[in-house]
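Student: Hi! Could you walk me through this one?
Tutor: Happy to, here it is.

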Amino acid sequence: MKLQLRYSLTIFLLALLASTHAAISPEVYWKVKLPNTQIPKVIKDFLPQSDDVVPELKQDNNNIQKKVYYGLSGYIAISWHDAATEEYLREMELHSNTDTKEKAATKYDRRVLKKENPSMNCDTNKNELRQVTDDLKDDHPLKQYFLLEEDLEKGKAISFPSLLNKNEAPFLPRQFVESIPFSMKKISEILNHFSIDSGSKDAQAIVKTIKLCEEPEVKHKEKKICATSLESMVDFSLSMLGTNNILAITSEVEGETQKSQRYTIEEVEQIADGDNMVCHKLNYAYALHYCHVGGSTKTFMVSMVGDDGTKVKALSVCHKDTSFWNPKAFPFVFLKVKPGTTPICHFLQDDQIVFVPSK
């Protein structure tokens with residue numbers, strides 16, 4: 001009884017500190033707000049350490065300051081926002097690991113598919129897009145980012161790129177990142193803060209990420225936030241799921257293979273059915289996550305083994321309502337289905353987190 005009272009008092013005091021905005025660590029904030037939820041390793045590995053004064057100024061092994069942290073990112077999983085264009089397809093190809101980056105960058109230069117233009121002939125647009133996507137064979141890994149729920153079946157063999165991500169962006173304390181602007185209106189100030197050349201690749205990545213974050217929500221269908229800190233991610237999960245009894249889960253990969261290969265499904269376990277929140281780690285100067293709730297979903301943990309022996313527990317989210325997705329988005333092009341007709345599923349890399357109410 002004494003232990004229970006002591007524990008309750010400790011939690012109360014921590015909660016009081018949090019409510020008064022005292023400077024507590026992101027890890028303690030998580031434990032206060034989500035006391036029954038284990039922090040995923042992919043978060044814990046990138047939390048600030050006690051000896052980090054200004055984490056984003058730490059240097060890598062080559063003694064070169066890293067300006068922007070890159071990974072496979074969540075852009076592919078969020079591609080339902082945009083129409084399929086050759087530019088976007090080429091970017092996805094760069095991450096597929098089936099060709100060299102040089103081949104991938106020039107593979108589609110024979111055809112230039114312009115972005116949506118009201119003056120462009122619609123039939124021509126469709127024909128050119130079909131020609132581009134038909135170049136990708138049915139077993140091409142890019143097509144396997146997206147699949148139908150019926151494809152999640154024990155014994156089935158599917159091919160897709162590695163679920164390992166290498167985005168090592170550190171989490172920074174909320175009070176630190178809130179002092180840094182995050183808006184296209186302040187882009188010059190942001191680039192100056194991180195000493196990034198406005199004409200560089202890093203600047204382009206910063207601009208792309210902020211533009212994605214500033215896209216409007218789909219009314220009545222999606223709620224989203226770009227969480228600039230772990231604290232804001234936790235707060236958003238609580239407001240969206242309506243409970244602090246939550247599971248935070250990620251994909252798990254045994255081994256270090258980065259190549260695309262064929263996997264055989266050994267077990268499919270349904271984790272949740274209903275609203276969930278997914279957080280995709282984006283390319284930025286610190287840990288930044290696109291967190292969103294986009295209608296009713298089913299969440300599965302899919303155990304698989306690769307041809308090279310790599311074992312994967314892959315999170316798959318199946319979106320039951322796709323009626324509000326862009327009708328020209330990649331999933332519809334690849335899977336040859338129409339919006340709102342069937343659930344569409346996708347796998348998540350191991351640095352993307354799914355929050356679901358715990359049973």
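This is a predicted model: local features need pLDDT of at least 70, side-chain atom pairs count only at pLDDT 80 or more; totals for chains, interfaces and linings use all residues.

Tutor: Let's begin with the second largest pocket, which holds about 840 Å³ of space. On a 1 Å grid over the protein atoms alone, a pocket is an open set of points where a 1.4 Å probe fits, with protein on both sides within 12 Å along at least five of seven lines, and lining residues have an atom within 4 Å of a point. Grid points are joined across faces, edges and corners, and the volume is the space filled by probe spheres set on the points.

Student: Which residues are closest to its centre?
Tutor: Of 35 lining residues, those are Lys 41, Val 42, Thr 250, Ser 251 and Glu 252.

Student: New topic: where is Ser 303?
Tutor: Ser 303 sits in strand 9, residues 297-306 (strands are DSSP E runs of at least two residues, helices H or I runs of at least four, numbered from the N terminus).

Student: Buried or exposed?
Tutor: Ser 303 counts as buried because its relative accessibility is 15%; buried means under 20% relative accessible area, exposed over 50%, partly exposed in between, with a 1.4 Å probe and protein chains only.

Student: What does Ser 303 contact?
Tutor: Beyond neighbours within four places in sequence, its contacts (heavy atoms within 4.5 Å) include Thr 264, Glu 266 and Val 312.

Student: Which elements supply the pocket lining?
Tutor: Strand 9 supplies at least two residues, as do helix 2, helix 3, strand 4, strand 5 (252-254) and strand 6 (261-274).

Conventions: Residues are numbered from 1 along each chain as its sequence is written. Side-chain values use heavy atoms; hydrogens and water are left out.
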